[in-house]
Structure formats: C-alpha cells, structure tokens
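Subject: Structure handover, salt bridges

Hello,

Here is the structure I promised to pass on. Please open it alongside this note. My notes on its salt bridges follow.

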Amino acid sequence: MLRRKLLIPLTSLLLLLLLTASAGAGAAAASTGSPAGASAEAAAADYGAPGPYATAVEVGAVTTLYYPRDIATSNRRHPVIVWGNGTFAFPVVYRDLLLHWASQGFIVAAANTPQSNLGISMRAGIDLLTRRNADQGSPFYDRVDLEHIGASGHSQGGAAAIVVGSDPRIDTILPIQPGPLADIDDVHVPALLLAGQKDSIVFPFLVKAFYNDADHIPAIYGELRGADHLTVVGDPGPFAAPTTAWFKAHLMGDQTARAQFFGAGCGICTDSGTWSDVRRNALASQ
C-alpha cells in the first residue's frame, strides 16, 4: 500500500485568496443559464458550453449548493457532485466550474472548508442533500438522485476527492491536480485523474503516481496541455468539457460522453491539442 507523506508548497496557493474577491461577486444569489432556446441535446453534445439549466446558489454554514434553479419543478432527479477546495480556498474561487456543472443538471455540494483533505465536510454535503431530498417542504424534495454521486476537488480538495472515494455512496471520482495526502488503494470506483502540464505545485509525476497505483479500478490519467496549478481557478477553460463529460458518462449514463474516455474511439486519446499525455490502465481500456 502506497502512502504519500509529502506536503504541498503553499506559496502559489495563497494566490487563491487574492482571486476570491473578484471571482465571488454575487455568489450568494448568483444565477445563470444557457441562451434562450438552447436544448438539452445541444448542451450534451458540447460539454464545455453552458447547459440548458438556469442555476442558483445557496451558501450555508458547512456547504454551498450550486444547482438547477427550477429544481422544485424539474421532471427528473439530479445527480450529485461533492466538491473539495484547494488549500486556503473556498467554493467561490471555483464558482465558474461549479455553476457550469449545475447548468448541465448536476447538484454540486461544495464544502466550505479551506482545509478539505479529510473529506469530512464533503461527506456532510451528501448528508445535507439526503435530508433535503426527504423534506417535503424543501425545493429539493424527491429531486436529488442519491444513487449517482461523484466526488471532485482541486489540489488539497483533489486529495479529499480520493479520500471520499472510499465512501460506498460515491460512484466515481475526478481529482483535479490532487495533493499527495491520500491513498487511492481505498477507492473502488472509476477515476479520472487530471494533471496540468506546467503545474509547478502538484507536479504531473505526483498525479501519475496515483494513476500507477490505481491498477485495481478503471483509471485514466489526463494531462492538460499548458495548464498550470491555477488554470482551473475562475474561468475553468480546458477543464470544463472533460470534467462535465466524465460526470455525464458516470452519473447520467451519457454514452456520447462515455466515448470520450472509453472504447477504441476514445476521444481524449487522440486530442493532442488539448492533452499533453493521456493514459488508460487495463481496466479502463477493456
């Protein structure tokens, strides 16, 4: 069993605090949506484009929720993504990415803690939505798909996504540039591990170490060309489409999205413009 005991340098991560104010204007009552007339089919075909759902944000003491604004009248149940922040960061820093997922039909339960590595607050987000789903007075009543839950996060929160991946309620994990303080041997669900080619805080080889150790689960390593450690902050840029496609494939059964990662025609495997390195282990290649 491989245990990683390295510490992440914090110097560049402190920049996240400086970005919080500009990224977070209006977070407590934010809403957005796709252009008028956009269809769910069109949004599904372009995973980097805004989805068909207008969105809303609810900031709580422990969890911030990003979700489809009209969820109370939705004709479906919406899958869940739990999110962990990087060191000293808060959900507002990643607001654009989390709202993007909400526009695609997901409920995002983002832990408010700036120290997410243990995953405690991420699990609390699942507990919160479980209660809301059972509460007849809640707009979330019977609209939460608790059978389909993914975990993601950035940096220290990426490590937390791996930690939370041992929870039996989790169906897949997507750590973004995960810090090293986690053990992927405890994870028993498919994993997409994302690195940045120019990341000088969580070097690609650290993410690759998780991938190499994940031979017991379907695992894919994707290294985004030109990305550094803060590329995902604010406008998520190249992270929006592949992360959305991964969760659509695993939490919504989207076969077009699945083809981006699996099968002989694996889309990301041939997209050298976006990816500097893509690896699939034996279980992911079957």
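A salt bridge here is a side-chain nitrogen of Lys or Arg within 4 Å of a carboxyl oxygen of Asp or Glu. The model is predicted, so local features need pLDDT of at least 70, side-chain atom pairs count only at pLDDT 80 or more, and totals for chains, interfaces and linings use all residues. Residues are numbered from 1 along each chain as its sequence is written, and side-chain values use heavy atoms, with hydrogens and water left out.

The search of the whole structure gave eight salt bridges. Some of them are described below.

Arginine 143 pairs with aspartate 142, with 3.5 Å between the closest N and O atoms. For burial, the cut-offs are: buried, under 20% relative accessible area; exposed, over 50%; partly exposed, in between (1.4 Å probe, protein chains only). Arginine 143 is buried at 14%. Aspartate 142 is partly exposed at 26%.

Next, aspartate 167 and arginine 169. Their closest N and O atoms are 3.0 Å apart, in a salt bridge. Aspartate 167 is buried at 8%, while arginine 169 is partly exposed at 29%. Both belong to a network of salt bridges that also links Arg123 and Asp127.

Lysine 208 and aspartate 277 form a salt bridge too, at 3.6 Å from N to O. Lysine 208 sits in helix H6 (residues 204–213) and aspartate 277 in strand E9 (residues 275–280), so this pair ties together parts 69 residues apart in sequence. Helices (H or I, at least four residues) and strands (E, at least two) are DSSP runs, numbered from the N terminus. Lysine 208 and aspartate 277 are both buried.

Best wishes
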